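Reader: Here's one I'd like to talk through with you. I'll keep asking how you know.

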There are 2 protein chains.
Amino acid sequence: MWVRELAVSAPGKVILHGEHAVVLGKVALAVALDLRTFLRLRPGAEGRLSVCLPGVGVRRSWDTPRLRALRGRIAADFDESKSPSAEQLDALREFAGIAAGASAPESLATLAFLYMCLAISAKYGDVPSVDIVVWSELPTGAGLGSSAAYAVCLAAALLMVCGAISCPLQEGESTARWTEEELTLINSWAFRGEQVIHGNPSGVDNAVGTWGGALRYQAGKITPLKRVPTLRILLTNTKVPRSTKVLVAGVKEKILKFPAIMNPVLDSIDAISQECQSVLEAMPANPSPEHYPVLEEFFDINQHHLNVLGVGHPSLDRLCQVTALHSLHSKLTGAGGGGCGITLLPPDTSPLAVEAAKQDLCACGFECWETKIGAPGVTLHCCSSLSARVLHELAQS
Amino acid sequence: MWVRELAVSAPGKVILHGEHAVVLGKVALAVALDLRTFLRLRPGAEGRLSVCLPGVGVRRSWDTPRLRALRGRIAADFDESKSPSAEQLDALREFAGIAAGASAPESLATLAFLYMCLAISAKYGDVPSVDIVVWSELPTGAGLGSSAAYAVCLAAALLMVCGAISCPLQEGESTARWTEEELTLINSWAFRGEQVIHGNPSGVDNAVGTWGGALRYQAGKITPLKRVPTLRILLTNTKVPRSTKVLVAGVKEKILKFPAIMNPVLDSIDAISQECQSVLEAMPANPSPEHYPVLEEFFDINQHHLNVLGVGHPSLDRLCQVTALHSLHSKLTGAGGGGCGITLLPPDTSPLAVEAAKQDLCACGFECWETKIGAPGVTLHCCSSLSARVLHELAQS
């Protein structure tokens, strides 16, 4: 029986370069965003499993014998090497009273929780009597990998409770991480959770949430970068809603219409991702300020290219203009057509300039976070080491 | 002896697509701009050759016997197949009292006038006793081919006066053009005039001034397009001064720094020029409005690419934004870094929108002309058919 109170956190992600081009076989760089999802794990009442997700208004609790019985009916195929089956998900929906086809965040989050609990416990141990609260600094639905960060936290916590991975936090330590082998297992199960939520995820988001730092993604192959620096950024949400599906289709259409004009643009984006990877990998060994103007130039060029692909938006032009007034360089990140942009903050940026830029961006109606990319992946925390803000949010349940 | 009073006009030019990329071997499209240079030719006092260029403050007159004597000393090599020699230009400068190395427009215009008079008359006839006034709608030094339009007008007028080409204007006609063969001769001599003014011109500007319409330029090869439409545009001069040499060097440096990122951008620009050529050649046979959105898309994409090459400027961003507010699409033309931009005016553009866009551009401190591209090349006019404005300017002398 689980007896410790602990917390697990996992970072969100942003695409640094290669969004859209990656769909067409080019390289993308995804980086861990230091806006994190936090999971608090503590022993529950004997025979009860509880989950509370204050951000999406979920507060559920089940008798573990009932869960065990359900698991018995559908557990035959539970394995991290297998995708959730339609039958399993139907049975879980019925059990939790979730309508078929329900796609609201609270429904999907509950479904993923149940799937992961039953699947992981079926393979590694008993349905645990624990009390789980998850809260995130990440906005949902903004392309920042919030569902993956959730799935990574759940996978780590449940695997640890079931004994499939160790509890690496020694007495007196504030944080600890798992071994590579354990991280691989966490990532596999997080991917299954992402499948419950997204159907057909690329696996990039859960990989970033698990390993942190930065990774290269091309044609389905995910390769974590060896060593990457932590870079300060502003992350700005224009709050302009968009459909990734429509944007991706628009890019494809433009390429079909003008292949000779558009294909070289994809090649140039591919080269930006690769050059940027080289710069990032060179920075830890040689943390000279000369790297930053190059990273800024890549932002500017790629932002123009993304406009050429047709995924810009007046709100993103505005974001770039506003930050340019403070000598800062920005690009959209993710699907574009609104959504989020990132602004690099080189080390010599004055705090006054950052503050002024943030104020100007907020004055446009945008939401703005001063944060970092290249953040650590899934991490185990002693609860007392968490910030007062996070503790407060997790205690709301 | 020349007895008729006639006028000759030639258009300016703008680069539609391919500026900068053309320096690196890619295709450029140059088009004739319907801002024209006008030359009035009339019989002069016997034994006097006069030239008046009110735009640059030149009013000179010489005895033809003195010119004949000068010609005798330096004429041995005068031919349209040969570049002006340093010795010839030195002798002309000395004769006209122009300091060695003087590069002011009035000095270069006078020098080109004298060179072309003596060279053409040496090959085809006597030094003529005529009175020449040249005035232009084109601003000088804005990359709009004003010196070439001047040289084309001079070549046509002097070749006609010397009998090397016909006077194709029939009694009662208001305008006439020369045969292909005659145009080729005009173009050759205009190129020599351009050499006097620019040293090492590409030959594109005088070719556009001679043939009008549009032409394709690649690796030194100039090919006039078969049939091209006349397109309405706004031509806007940001009046931001720039150095073409510095801008060209900046592009080369960027390509050397990031070849894998920049070379595809040049390929994309090349493809835009070629696709645009296809659209322009398809338009006369099928003048459907569906071509315009494609031309506008090419403007937008190339404007982004030119920014990627580093030849944009905040004034040009402003120009594009201001016209975008009126649903019009713009790009820089020529060297960039300031200078001029062009805005396409599709046939369905409301006169009110055009007027509003012009006003907004003027409010930015820009100079703005509503004009056309694809204009006719060098043309002979009966003076009475010229507009009152042009007649007035030519009569100022």
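Reader: Where in chain A is A:Ser327 found?

Author: A:Ser327 sits in the loop between α10 (314–324) and β10 (330–333) of chain A. Helices here are DSSP runs of H or I with at least four residues, strands are runs of E with at least two, and both are numbered from the N terminus. Mind you, this is a predicted model, where local features need pLDDT of at least 70, side-chain atom pairs count only at pLDDT 80 or more, and totals for chains, interfaces and linings use all residues. Residues are numbered from 1 along each chain as its sequence is written, chains are lettered from A and ligands numbered from 1 in the order in which they are written, and side-chain values use heavy atoms, with hydrogens and water left out.

Reader: Why is A:Ser327 called exposed?

Author: Exposed means over 50% relative accessible area, buried means under 20%, and partly exposed is in between (1.4 Å probe, protein chains only). A:Ser327 comes out at 57% relative accessibility, so it counts as exposed. Its phi is near 60 degrees, a positive value in a residue other than glycine.

Reader: Is A:His17 buried or exposed?

Author: Buried: its relative accessible area is 0%. A:His17 lies in strand β1 (residues 6–17) of chain A. Leaving aside neighbours within four places in sequence, its contacts (heavy atoms within 4.5 Å) include A:Val27, A:Ile272, A:Phe298 and A:Lys331.

Reader: What makes the pair A:His17 and A:Asn302 a polar contact?

Author: The rule asks for a pair of N or O atoms within 3.5 Å; within protein, one must be able to donate a hydrogen and the other to accept it, and residues adjacent in sequence count only if both atoms are side-chain atoms. The side chains of A:His17 and A:Asn302 are joined at 2.8 Å, and this is a polar contact.

Reader: Why is A:Lys13 with A:Asp205 called a salt bridge?

Author: A salt bridge needs a side-chain nitrogen of Lys or Arg within 4 Å of a carboxyl oxygen of Asp or Glu. For A:Lys13 and A:Asp205 the N to O distance is 3.1 Å, which meets the rule. A:Lys13 lies in strand β1 of chain A and A:Asp205 in helix α6 (residues 204–211), so the pair ties together parts 192 residues apart in sequence. A:Lys13 and A:Asp205 are both buried.

Reader: What about the pair A:Arg42 and A:Glu5, and how far apart are N and O?

Author: Their side chains meet in a salt bridge at 3.7 Å, N to O. A:Arg42 is in strand β2 (residues 28–43) and A:Glu5 in the segment before β1 of chain A, so parts 37 residues apart in sequence are tied together. A:Arg42, at 28% relative accessibility, counts as partly exposed, and A:Glu5 is partly exposed with 39%. Over all chains the count is 35 salt bridges.

Reader: How many salt bridges are there between chain A and chain B?

Author: 4 salt bridges. One of them is B:Lys257 with A:Glu297, whose closest N and O atoms are 3.2 Å apart.

Reader: How much area do chain A and chain B bury between them?

Author: About 1,900 Å², 73% of it on carbon and sulfur atoms. Buried area is the accessible area (1.4 Å probe) that two parts lose on being put together, summed over both. A:Phe258, A:Ile261 and A:His304 supply 29% of the area that chain A buries against chain B, more than any other three residues. The contact takes 22 residues from chain A and 22 residues from chain B.
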